[in-house]
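I opened this entry to record what I looked up, chain by chain. The structure comes up next, and my notes follow.

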Amino acid sequence: MRVAGGLRTDGAALELPRRRIRPAEAGKSFALTFLMVAILAGFLSPLAQSFLTSLKTPEQITQLKGPVYPADPQKFEFEGKTYDVYQVPIDGTIRELALIRKGRQESDFLDPANPTAGPITWQGSWRSLDPAWRFTPHFENYTQVWDLIKFPRLLFNTLAIAIIGTIGTLVSCTLVAYGFARFRFPGRGAMFTLLIATVFLPGAVTLIPTYTIMVKLGWVGTWLPLLVPTFLANAYDVFLLRQYLLTIPREMDEAAAIDGAGPLRILRSVILPQAWPAIAAVGIFHFVYSWNDFFGPLIYLSGAQELQPLQVGLARFNGVYYQNPAFIQAGNMMTLIIPVLLFVVFQRAFVRGIVITGVDK
Amino acid sequence: MTQPVPVIDTGPISRLRRGRFRMTPLTPLARREARWGLLFLSPWILGFLAFTLLPLIATFGFTFVNLTLNQKEPLAFVGLANYQRMFADQQVWESLGVTLRFAALVLPISLIVPFAVALAINSRHLRGSRFFRVLFFLPYVVPFVAGLLIWQQVLGVGGWINEGLRFLGVADPPEWIHDPAWIHPALVIVGIWGIGAGIIINLAGLRGIPTELYDAARIDGADALGTLRHITIPMMSPIIFYSLVLGVVEVFQYFLAPLVLLNGTGEPNGQTLFFNLHLYNTFFLFQEMSYGATLAWLLFGVILVVTLVLFRTSRRWVYYAGER
Amino acid sequence: MRTRMTTRVAWLAIVALIAGACGTSASPSVSPGGSAASQPPVSAAPGPKALLRWYCCLGTGEDPTQVPTEEKVAADWSASQDLGDLKIEIVTYDAARATLSTQIASGNSPDIVGPVGLGGLASFEGQWLDLTPYIAKTGFDLGQFPDEAVQTFNVGAQGQVGIPFAIYPSMVWYKRDMFDEAGLEYPPHEYGATYKWPDGREVEWNYDTVKELALKLTVDESGKDATEAGFDPESIVQYGFEPQRDDLRGLGAYWGPGSLAAADGTTVEIPAAWQDAWKYFYDGMWKDHFIMTGPVAESEDFSGGGYTFFSGRVAMSLNFLWTTYGVADAGTDWDLAAIPSHNGKVTSPLNTDTFGIHKDTKSPDAAFDALTYLHEEASDTLLQLYGAMPARPERQDAFFETLAQTEGFPDEVDWQVVKDSAQYADKPNFEAPVPKYNETINTLVKYRTKWVATPGLNMDTEIEALRAELQAIWDS
């Protein structure tokens with residue numbers, strides 16, 4: 001990042017005026033960090049559940065008293081049949097025995113170490129026993145999802161649509177927001193109201209006329225309905241960028257203007273460096289939106305399977321009659337990676353504001 | 001929107017305040033400025049004319065005819081019949097009521113929680129803020145429907161929320177998704193997973209506050225709360241305003257979660273019959289295009305009124321450092 | 001002055017708008033007025049092949065394992081003749097209705113839609129091409145199907161909207177190991193047979209017997225069944241019975257055939273057998289605890305990813321033949337049994353699948369040719385793919401032979417039960433069209449959703465409220 005007019009610098013510069021930590025500060029740090037870790041644990045635990053589900057077979061998901069992690073009861077094979085091994089309390093000790101005959105009042109077990117000794121009858125309900133669990137994750141769920149939906153092809157499509165659309169959104173929305181934030185012209189207020197009002201009508205209702213336009217243009221079955229509009233700005237991102245630009249004081253634009261810089265120069269060398277956090281936010285929003293968009297690609301690409309993105313392919317695991325929860329979540333995990341990596345790269349944009357004098361917020 | 005006049009005592013901000021309302025006719029210079037402005041707006045103007053205006057007009061036209069998918073009766077102009085039907089439709093008013101009640105619950109939360117988390121992440125007291133940034137962002141990337149399926153399990157029978165509550169001694173935890181009293185809180189909990197976007201917006205806003213203001217505040221002897229009130233919140237007000245307006249739009253158009261979780265039936269006991277769900281059912285399930293479009297224009301009107309009110313009041317509390 | 005620019009822009013916008021509006025509004029109305037096309041147009045001279053779109057999935061067909069076969073069938077037909085090229089469009093079920101509505105309303109309707117059931121056809125009433133003239137013109141032999149199956153798709157004024165493709169009878173699916181563990185006899189496989197209790201009692205195989213059995217087969221964590229003292233309904237780990245809860249009409253039809261419409265076609269009348277079924281279902285959930293409540297059936301432990309029987313934690317379940325796609329998850333010891341009787345009468349609700357042609361198709365002849373290809377050359381392949389029993393009687397034995405080989409199925413499933421059940425199909429079919437079809441279904445789903453989640457309801461009041469609500473919808 002370049003230094004913009006000396007007013008602020010990018011995140012890298014501020015990592016570290018390290019100061020000495022006083023005991024009171026350390027206490028505050030500990031309390032806040034601890035609190036945030038606790039909140040985060042609750043916040044993310046469904047995601048952990050999703051990950052564990054992605055490693056299970058359908059049997060493991062519905063297993064009686066199954067643990068949260070993917071586990072199979074230990075099996076014992078004897079005379080061509082397979083039995084589950086349970087932890088059976090006999091004479092004060094817990095023995096791992098194979099259940100060969102289930103009964104309501106009493107059940108028969110075999111000792112896997114000594115099966116020929118004959119069945120051991122145990123009084124009680126076998127349902128009250130815990131199986132002998134063995135941790136058995138099924139990573140092949142991931143390879144199966146990969147193979148079933150032509151993952152590499154769909155991934156390529158998703159990436160291409162997301163990247164092109166993000167470029168379009170960033171370019172068009174920045175220009176439009178700059179126009180709204182920094183130039184005065186008659187009708188500006190009315191046009192801004194109109195811009196915001198375009199998102200008031202629910203998309204379900206405008207879908208049919210919009211789809212009709214795309215049909216007439218011959219764009220159905222191509223990426224154009226998904227890409228062209230991104231180059232023509234959208235209300236959400238223009239509004240956000242405009243709000244942000246309005247928080248930036250004008251001294252520097254004016255100084256640059258006095259130096260003879262034109263509007264494009266000012267945009268490039270004064271506005272953009274200062275608006276970088278908001279632009280990064282818009283870029284991430286559009287990328288994630290495009291990455292996860294399902295209904296748009298579905299409806300415009302239903303006849304062009306080779307052009308579809310991942311979300312359309314993955315939705316097939318969530319049929320109304322049959323869901324494969326493990327496949328859904330495995331697909332989920334696989335699609336999370338790229339947007340999250342992208343965020344990791346761009347997150348510096350959101351690092352705590354500039355430190356010039358060492359005073360913090 | 002024009003000149004905000006901050007009435008809040010913004011302390012040091014006032015030093016940065018600038019710009020006066022100028023009521024001059026267009027000079028050649030001003031005309032040049034206007035031309036540049038429209039040039040920068042041109043992508044949006046083009047998109048509006050090409051892809052937005054026609055659908056808007058078409059759906060407005062739908063409201064005066066009797067368009068259905070089946071079209072048993074020939075297509076005809078029906079005047080205001082759709083509007084009459086709408087005003088007599090009890091479900092319209094019930095669903096608006098449901099939507100407003102939900103909005104009253106979800107809007108404050110969706111404004112405060114991401115703001116608070118962003119403040120915490122931005123705080124110098126937090127260790128490892130980089131990890132928190134990434135991890136709070138993480139669920140935002142989960143596709144909405146896949147996220148719903150996870151939460152359905154988490155909130156359901158044997159899910160960890162109720163197991164946790166039982167562990168804490170709650171004998172009879174609620175059946176979240178199926179309990180009329182708990183479904184709105186349940187939907188809020190599910191929605192909290194998407195705060196990643198709000199956190200980013202707030203972090204970007206916090207990043208943009210010039211540090212000088214905090215220096216000045218410290219010199220003035222302001223404590224943490226005073227700084228929050230007199231610097232952070234006023235300086236963040238454009239971002240808060242953005243979140244509020246879009247929050248309103250979003251909550252009035254809310255329908256996907258109840259559609260997926262409860263088949264769009266409005267159960268339990270009508271508590272999820274949101275206005276936009278009623279609209280979606282009318283439009284796609286019952287295939288009544290004209291009546292659905294009429295409902296959509298009612299929604300448009302309601303959101304427009306609320307938004308205009310927000311814009312009016314915003315002049316009193318939103319502070320734009322860079323506006324003229 | 002300052003307003004000049006605005007005015008200019010506004011005028012430009014209006015001109016552009018009017019030009020655009022004229023351009024587009026003229027074209028949609030050109031779409032063929034289909035409905036009156038009793039005489040098929042003369043087929044076009046051999047020219048470029050028409051592009052036909054096969055729209056899936058208002059029913060089965062979306063699973064990633066099914067798609068390659070469907071694509072191959074479409075390609076095979078395309079290569080086999082000169083009329084057209086067929087391309088399949090897979091739209092997942094959840095979004096399939098909205099997408100199809102959008103396509104139809106935008107004048108971009110597909111040519112062939114399916115596989116689709118009677119209910120799916122009814123929910124797009126008025127969209128289907130009457131096949132009668134094409135059947136006559138090509139000499140397609142309807143005689144190869146049972147007449148009743150043909151009549152199912154002859155829908156009043158809309159004509160013959162489909163040709164029988166697949167049928168899915170329904171029966172009892174049960175877990176042998178659970179009966180073994182409880183020391184109980186299996187349910188009877190033959191219609192008319194009795195059920196024998198361990199004490200030697202022989203009783204009629206009816207829903208009372210099912211309830212008595214199901215209570216014994218509903219077991220809590222500590223191993224106590226629902227008839228024992230100390231049984232804890234909060235910690236049930238195995239349920240005795242599961243009806244077909246997708247659709248209240250279907251649920252009712254297991255107790256007896258019927259229709260929501262009285263003879264006049266405009267009055268709502270809820271069949272007495274359906275009312276019995278719904279009360280049985282409700283009490284089974286909330287009073288006797290041998291049927292899962294809604295929240296339990298939704299949980300990962302019990303949902304089985306679609307049907308609770310797949311979880312392997314239900315002893316007996318009513319369901320259609322198409323559940324073969326997922327039943328392997330239930331374990332390796334399930335089997336089929338006869339549907340119990342209600343008031344001395346047995347009913348096996350029947351699901352049917354077919355393909356429809358949209359009335360606005362630009363190439364009806366090519367579409368009909370493709371349709372007959374799906375019904376003839378490709379039918380064995382597709383039927384196998386969908387786990388669907390052929391509507392043609394002479395193909396059924398071969399179908400069951402292949403079905404029995406399915407990987408993961410028990411060795412000795414009594415498939416004869418399926419054929420026998422087909423003899424007890426419900427007439428009228430529970431999916432037959434009624435007024436305001438989609439609103440009616442939505443209201444039924446609403447009441448179902450309420451009943452499965454709310455204890456303490458008075459079912460007589462509920463059923464009357466449902467009737468009144470449906471009547472109001474039909475009258476509007």
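I began with contacts inside chain C. Two residues are in contact if their C-beta atoms, placed from the backbone, lie within 7 Å. Among contacts in chain C between residues at least 6 apart in sequence, I found that 73% join residues at least 24 apart. This is a predicted model, so I note the limits: local features need pLDDT of at least 70, side-chain atom pairs count only at pLDDT 80 or more, and totals for chains, interfaces and linings use all residues. Residues are numbered from 1 along each chain as its sequence is written, while chains are lettered from A and ligands numbered from 1 in the order in which they are written.

**Chain C, overall**

I looked up the elements next. Chain C has 18 helices and 15 strands. Helices (H or I, at least four residues) and strands (E, at least two) are DSSP runs, numbered from the N terminus. The radius of gyration, taken over C-alpha atoms, is 26 Å for chain C, close to the 23 Å of the globule rule for 476 residues, so chain C is as compact as a globular protein of that length. The rule itself is 2.2 Å times the number of residues to the power 0.38. I read the spans of the C-alpha trace of chain C along its principal axes as about 90 × 65 × 45 Å.

Then I checked burial. A residue is buried if 20 or more other C-beta atoms lie within 10 Å of its own, exposed if 12 or fewer, and partly exposed in between, with C-beta atoms placed from the backbone. Of the 476 residues in chain C, 48% are buried.

**Chain C, the sheet**

In what order do the 6 strands of the open sheet in chain C run? I read β2-β1-β3-β14-β6-β15, with mixed pairing. Two strands pair if DSSP finds at least two bridges between them. β2 and β15 (389–390) of chain C stand at the edges, each with a single partner strand, so one side of each lacks a neighbour in the sheet.

I stayed with β2 of chain C. Strand β1 (residues 50–56) of chain C pairs with β2(C) in the parallel sense, over 7 bridges. I looked up two of the bridge partners. Ala50(C) has Gly84(C) as its partner in β2(C), and Leu51(C) has Asp85(C).

Is β2(C) enclosed or open? In β2 (residues 84–90) of chain C, 5 of the 7 residues are buried, so the strand is largely enclosed by the rest of the structure.

**Chain C, one residue**

I picked Tyr280(C), in helix α10 (residues 272–286) of chain C. Tyr280(C) is buried, with 23 other C-beta atoms within 10 Å. Ile291(C) is 11 residues from Tyr280(C) along the chain, and their C-alpha atoms are separated by 9.7 Å.

**Chain A**

I counted 14 helices and 8 strands in chain A. Buried residues make up 45% of its 361 residues. I also looked at helix α9 (residues 235–247) of chain A. This helix has 13 residues and reaches 19 Å from its first C-alpha to its last, close to the 18 Å expected at 1.5 Å a residue. The expected span is 1.5 Å times one less than the number of residues. In α9(A), 13 of the 13 residues are buried, so the helix is largely enclosed by the rest of the structure.

**Chain B**

Chain B has 14 helices and 0 strands. Its C-alpha atoms fill a box of roughly 70 × 70 × 30 Å along the principal axes. I noted 47% of its 324 residues as buried.

Phe60(B) lies in helix α2 of chain B. Phe60(B) is partly exposed, with 15 other C-beta atoms within 10 Å. Phe60(B) and Ala296(B) are 236 residues apart in sequence, yet 9.1 Å apart in space, C-alpha to C-alpha.

**Between chains**

How many residues does the contact take from chain B and from chain A? I read 92 from chain B and 87 from chain A. On the side of chain B that touches chain A, helix α2 (residues 28–62) of chain B gives the most, with 19 residues.

The contact of chain C with chain B takes 31 residues from chain C and 29 residues from chain B.
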